[in-house]
Amino acid sequence: MTLELLGNEAYGAWRTDTSGITKDSIIYSFGAGNDISWDLELVKKFGCKVYIFDPDPMAIDYIKTLILPAEIVFIPIGLDTHDGCQRFYNALKSNKVSKSTVKKGAAFTQLPVKKLATIMNELGHNH
């Protein structure tokens, strides 16, 4: 196992086992928020394909401001145990992009979600 800290250490970094990642790897990243430094570092370091998923309108707006490398594909849906819509509760601080399916207040937004199997099937991935 080779653990490396990838991404912006101030906010978007994750300790990641990189021992099996190659140019041919397919990475699914759920929850772009307003920092995709982890995803970008994976592409820079390995040249692999990264699929980023986030249905949050604030995250979608953030992604639109970026010039993404060809290896990154953004898909504006969330991950769930069903296909359809899911309540995402707003963060308690209005300037925060992170919504949650855990109730944190009264305000929520219905956002599109899909099962992992559905996503993989639609993208033509079997692993």
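Asp35 is buried, with a relative accessible area of 14%; buried means under 20% relative accessible area, exposed over 50%, and partly exposed in between (1.4 Å probe, protein chains only). This residue of the predicted model is found in the loop between S3 and H1. Residues are numbered from 1 along each chain as its sequence is written, and side-chain values use heavy atoms, with hydrogens and water left out. Because the model is predicted, local features need pLDDT of at least 70 and side-chain atom pairs count only at pLDDT 80 or more, while totals for chains, interfaces and linings use all residues.

- The side chain of Asp35 makes polar contacts with the side chain of Ser37 at 2.6 Å and with the side chain of Asn8 at 3.4 Å.
- A polar contact is a pair of N or O atoms within 3.5 Å; within protein, one must be able to donate a hydrogen and the other to accept it, and residues adjacent in sequence count only if both atoms are side-chain atoms.
- Asp54 is found in the loop between S4 and helix H2 (57-64), and at 8% relative accessibility Asp54 counts as buried.
- The side chain of Asp54 reaches the backbone nitrogen of Ala32 at 2.9 Å, and a polar atom of that side chain lies 2.9 Å from the backbone nitrogen of Asp56.

**The largest pocket**

- The largest pocket has a volume of about 580 Å³ and is lined by 24 residues, of which Phe30, Gly31, Ala32, Gly33 and Asp54 lie nearest its centre.
- On a 1 Å grid over the protein atoms alone, a pocket is an open set of points where a 1.4 Å probe fits, with protein on both sides within 12 Å along at least five of seven lines; lining residues have an atom within 4 Å of a point.
- Grid points are joined across faces, edges and corners, and the volume is the space filled by probe spheres set on the points.
- The lining divides into 10 nonpolar, 9 polar and 5 charged residues; Asp, Glu, Lys and Arg count as charged, Ala, Val, Leu, Ile, Met, Phe, Trp, Tyr, Cys and Pro as nonpolar, and the others, Gly among them, as polar.
- Strand S3 (26-30), helix H1 (37-46) and strand S6 (78-79) each supply at least two residues of this lining.
- Helices (H or I, at least four residues) and strands (E, at least two) are DSSP runs, numbered from the N terminus.

**The parallel sheet**

- An open sheet of 3 strands has the order S3-S4-S5, with parallel pairing.
- S3 and strand S5 (72-75) stand at the edges with a single partner strand each, so one side of each is left without a neighbour in the sheet.
- S3 and strand S4 (residues 49-53) pair in the parallel sense over 5 bridges; two strands pair if DSSP finds at least two bridges between them.
- Val50 in S4 is the bridge partner of Ile27.
- Tyr51 has its place in strand S4 and is buried, with a relative accessible area of 10%.

- S6 pairs with strand S8 (residues 108-114) in the parallel sense over 2 bridges, and Leu79 stands opposite Lys114 in S8.
- His82 is found in the loop between S6 and S7 and, at 28% relative accessibility, counts as partly exposed.
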